[in-house]
Amino acid sequence: MKSGDESNLSEFRTSSALCKGAFDVVALAASAGGLRALSEILTVLPGDFLAAIVIVQHLDPRHRSLMADILSRRTALKVREAQEGARL
């Protein structure tokens, strides 16, 4: 999804399959520069979104990631960084 593409965001926002909980898990992947696009998607989802959302992003292992903190300020969803053995 290109950043700022309102027609795609509107379509995503009203997708009946997503709104009705047709999926248990929604996976999103992005390169290191994908934070803006991820933010645009998560911003339009309601806090009671039924599926777990898993985000996979390439990060530098030598630096602490602030992605969970940043995304939690931009969405009504509960955001946490995955830990080994954590359940969805």
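Leaving aside its neighbours within four places in sequence, which residues is T75 in contact with? Select T75 and take a look: the partners are L42 and L45, where contact means heavy atoms within 4.5 Å.

Before going on, a word about what's on your screen. This is a predicted model, in which local features need pLDDT of at least 70 and side-chain atom pairs count only at pLDDT 80 or more, while totals for chains, interfaces and linings use all residues. Residues are numbered from 1 along each chain as its sequence is written, and side-chain values use heavy atoms, with hydrogens and water left out.

**Stop 1: the whole chain**

Zoom out and colour by secondary structure. You'll find 4 helices and 2 strands, in the order α-α-β-α-β-α from the N terminus. Helices (H or I, at least four residues) and strands (E, at least two) are DSSP runs, numbered from the N terminus. Of the 88 residues, 26% count as buried. Buried means under 20% relative accessible area, exposed means over 50%, and partly exposed is in between (1.4 Å probe, protein chains only). Among contacts with a separation of 6 or more, 66% are between residues 24 or more positions apart.

**Stop 2: back to T75**

T75 sits in the segment after α4 (67-72). It counts as buried because its relative accessibility is 13%. Show the side chain of T75: it reaches the backbone oxygen of L42 at 3.0 Å and the backbone nitrogen of L77 at 3.2 Å.

**Stop 3: S39 and R74**

Now click S39, in helix α3. At 7% relative accessibility, S39 is buried too. Its side chain makes a polar contact with the side chain of R74, at 3.0 Å.

**Stop 4: the core**

Select V26, L28, A30, L38, I41, L42, L45, F49, A51, M67, L71 and L77: these 12 residues make up the largest nonpolar core. β1 (25-30), α3 (35-43) and α4 each supply at least two residues of this core. A nonpolar core is a set of buried Ala, Val, Leu, Ile, Met, Phe, Trp, Tyr and Cys residues joined through side-chain atoms within 4.5 Å. In soluble globular proteins, nonpolar side chains tend to be buried together.

**Stop 5: the pocket**

Next, select I53, V54, I55, R80 and A82, which lie nearest the centre of the largest pocket, out of 25 lining residues. The largest share of that lining, 6 residues, comes from β2. By class, the lining has 17 nonpolar, 4 polar and 4 charged residues.

**Stop 6: two loops**

Is G33 buried or exposed? Find G33 in the loop between β1 and α3; it is exposed, because its relative accessible area is 69%.

Finish at L66, in the loop between β2 and α4. L66 is partly exposed, at 46%. Its C-alpha lies 9.3 Å from that of E81, a residue 15 positions away in sequence.

Conventions. A polar contact is a pair of N or O atoms within 3.5 Å; within protein, one must be able to donate a hydrogen and the other to accept it, and residues adjacent in sequence count only if both atoms are side-chain atoms. On a 1 Å grid over the protein atoms alone, a cavity is a set of points where a 1.4 Å probe fits but cannot get out, and a pocket is an open set with protein on both sides within 12 Å along at least five of seven lines; lining residues have an atom within 4 Å of a point. Ala, Val, Leu, Ile, Met, Phe, Trp, Tyr, Cys and Pro count as nonpolar, Asp, Glu, Lys and Arg as charged, and the others, Gly among them, as polar.
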